[in-house]
Amino acid sequence: MPRQFLPDIPSLPGQRFLDRRLFLGDFCRGLSGIALASLLAEQNLLAGDKSTSPRPDMRPEAPLAPRSSHFMPRAKRVLHVFCTGAVSHLDTWDYKPELIKRHGQPMPGVDKLITFQGENGNLAQSPWRFRPHGQCGKYASDLLPHLAGRVDDLCFIHSLTSKTNTHGPGEVFMSTGFTQEGYPSAGSWVTYALGALNQNLPAYVAIPDPRGVPQQGPANWTNGFLPAVFQGTVFNAAQPIANLGRPTTVSKAEDQSARDFLQALNDEHLKRHPGDTELSARIASYELAARMQLSAPEVGDLSGESPATRDLYGLNDNNPILAAFGSNCLLARRLLERGVRFVTLYNGAFAMGEGALNWDGHRRIKSDYDRHGPILDKPLAGLLHDLKARGLLTDTLVLWTTEFGRMPTFQKGTQGRDHNQKGFTAWLAGAGVRPGFTYGATDEFGYQAVDNLTTVYDLHATVLHLLGLDHEKLTFYHNGIQRRLTDVHGQVIRAILA
């Protein structure tokens, strides 16, 4: 409506009448201000916490350069062993005499208990005998005799809980702290915070099982919304890193000239687009690939290892899967000793058919675990022994996890156990944790955590603490929120610290 036809409206001194042109102008300027504030916040140019994204000591041209921790660390590097399929704590590490005593009886306090796959039957003792081991006297199952012999080096958490009893969300929850995909993995957070120890190898390596990748695949080692350079690099002992070698038709001099020219173009482009993390990641990836043409073949060449070492890891075993997993374990040690910051070693792979290639023992837990147990047992025990013998356990943290536990009952009509997120076991070894120690407990049947209940957030907070990182300060601004590995949760489990 034209201004002259509007009724007179009383106004206060200094107040202006808001017509359409003024409204649209103010609206557009407001949107521009919001966009500018968002861009400045992403570059951490607004007032606030200078420890957040991007890290002030991170140079865009060298995103993997070593960086300082928040405080003095106990560990320099991490080996995360992830057994996919949900290993039964009741058939490995969590000894329950009352479960043995009441084998075949209904579980007290529940009637027709329904879990992930349906109704449960009666209580079922483990098919494997538990025996005391080591000077600490820890009871462990005969399923894993070699690992049971290492209990004096291990720190057990028997009261771990999860937010889900579904494999896919359970995997990514253990890997990233969120049940939805798209969030950065723990390895990505650690390398974002601390950089690399060796500029000639990836800072973060994921080693899938010889049988294949876990159910959620790359979502377990993704960088999420962190800069792309912090995504895990995938390779294993059986296959070289793809696309690393120089084509035979290209000479070394031609290859170097082409890389130099490409580097000059990339540097010039990056100057004009300093906030382009994808470009920074590509440049860093090309530079790392050039250096890895020499370093990667060496680290993956196991032929120089002694016969005793090869036997320690089971590389000559008649079971080809055991031997292949042993090679992956040996590769993990070689990566760690050469300065790779974070290595995730997977045991078990996704496949249709419960228990076929992983620890998902729904129907026949005895025959399934008799197949999977030896593949894990000797190679991983050999890796622990080798790390300790070489002095690497003094500054390497080893973490063993699975996505959740299993029920103390057999599923109705089966000889297997259903999913159980209410209580299960993880263990740690090495830098900064108490060896031969047990923390927390499930109830007398192993159904749910009842003593020192622990979350995945607490576990992640503790791993970061041992690396000298405060889980509440390690954040990254994304979509208007300062995100972190532990979300808004997590307490360091101080009772397990040495």
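**Exercise 1. Which residues in H5 are buried?**

Before we start, a word on the model: it is predicted, local features need pLDDT of at least 70, and side-chain atom pairs count only at pLDDT 80 or more, while totals for chains, interfaces and linings use all residues. Residues are numbered from 1 along each chain as its sequence is written, and side-chain values use heavy atoms, with hydrogens and water left out.

Solution. 
- Step 1: Buried means under 20% relative accessible area, exposed over 50%, and partly exposed in between, with a 1.4 Å probe and protein chains only. Helices (H or I, at least four residues) and strands (E, at least two) are DSSP runs numbered from the N terminus.
- Step 2: read off the list. In H5, the buried residues are Ala-186, Gly-187, Ser-188, Trp-189, Val-190, Thr-191, Tyr-192, Ala-193 and Leu-194.
- Step 3: draw the conclusion. Since 9 of the 9 residues of helix H5 (residues 186-194) are buried, the helix is largely enclosed by the rest of the structure.
- Step 4: find the cover. The elements over the buried residues of H5 include helix H4 (167-176), strand E7 (204-207), strand E9 (342-347), helix H11 (456-466), strand E19 (476-478) and strand E20 (481-483); contact here means heavy atoms within 4.5 Å.
- Step 5: look past the end. Gly-195 follows H5 and has a positive phi, near 75 degrees.

**Exercise 2. Find the residues that touch the most other members of the largest nonpolar core.**

Solution. 
- Step 1: define the set. A nonpolar core is a set of buried Ala, Val, Leu, Ile, Met, Phe, Trp, Tyr and Cys residues joined through side-chain atoms within 4.5 Å. In soluble globular proteins, nonpolar side chains tend to be buried together.
- Step 2: The largest core has 55 residues, and Trp-189, Leu-397, Leu-428, Leu-467 and Ile-496 touch the most other members. H11 supplies the largest share of this core, 7 residues.
- Step 3: inspect one of them. Beyond its neighbours within four places in sequence, Leu-397 contacts residues including Ala-75, Val-78, Leu-79, Leu-428, Val-463 and Leu-466.
- Step 4: check for another core. A second, separate one of 51 residues includes Ile-207, Leu-335, Leu-376 and Leu-384.

**Exercise 3. Classify the aromatic pairs Tyr-192 with Phe-476 and Trp-400 with Trp-427.**

Solution. 
- Step 1: set the cut-offs. Rings of Phe, Tyr and Trp (its six-membered ring) pair if their centres lie within 6.5 Å; planes under 30 degrees apart count as stacked, over 60 as edge-to-face and the rest as tilted. The structure holds 18 such pairs.
- Step 2: take the Tyr-Phe pair. The centres of Tyr-192 and Phe-476 are 5.6 Å apart and the planes stand at 75 degrees, so this pair is edge-to-face. It joins distant parts of the chain, with Tyr-192 in helix H5 and Phe-476 in strand E19, 284 residues apart. Both Tyr-192 and Phe-476 are buried.
- Step 3: take the Trp-Trp pair. Trp-400 and Trp-427 are stacked, at 6.0 Å centre to centre with 5 degrees between the planes. Trp-400 lies in strand E10 (residues 396-402) and Trp-427 in strand E14 (residues 424-430), 27 residues apart. Trp-400 and Trp-427 are buried.
- Step 4: widen the view. Tyr-192 and Phe-476 belong to one aromatic cluster along with Phe-178, Tyr-183, Trp-189, Phe-225 and Phe-230.

**Exercise 4. Is Asn-479 buried or exposed?**

Solution. 
- Step 1: Asn-479 is in the loop between E19 and E20.
- Step 2: apply the cut-off. Its relative accessible area is 69%, so Asn-479 is exposed.
- Step 3: compare with Thr-401. Thr-401, in strand E10, counts as buried at 1% relative accessibility.
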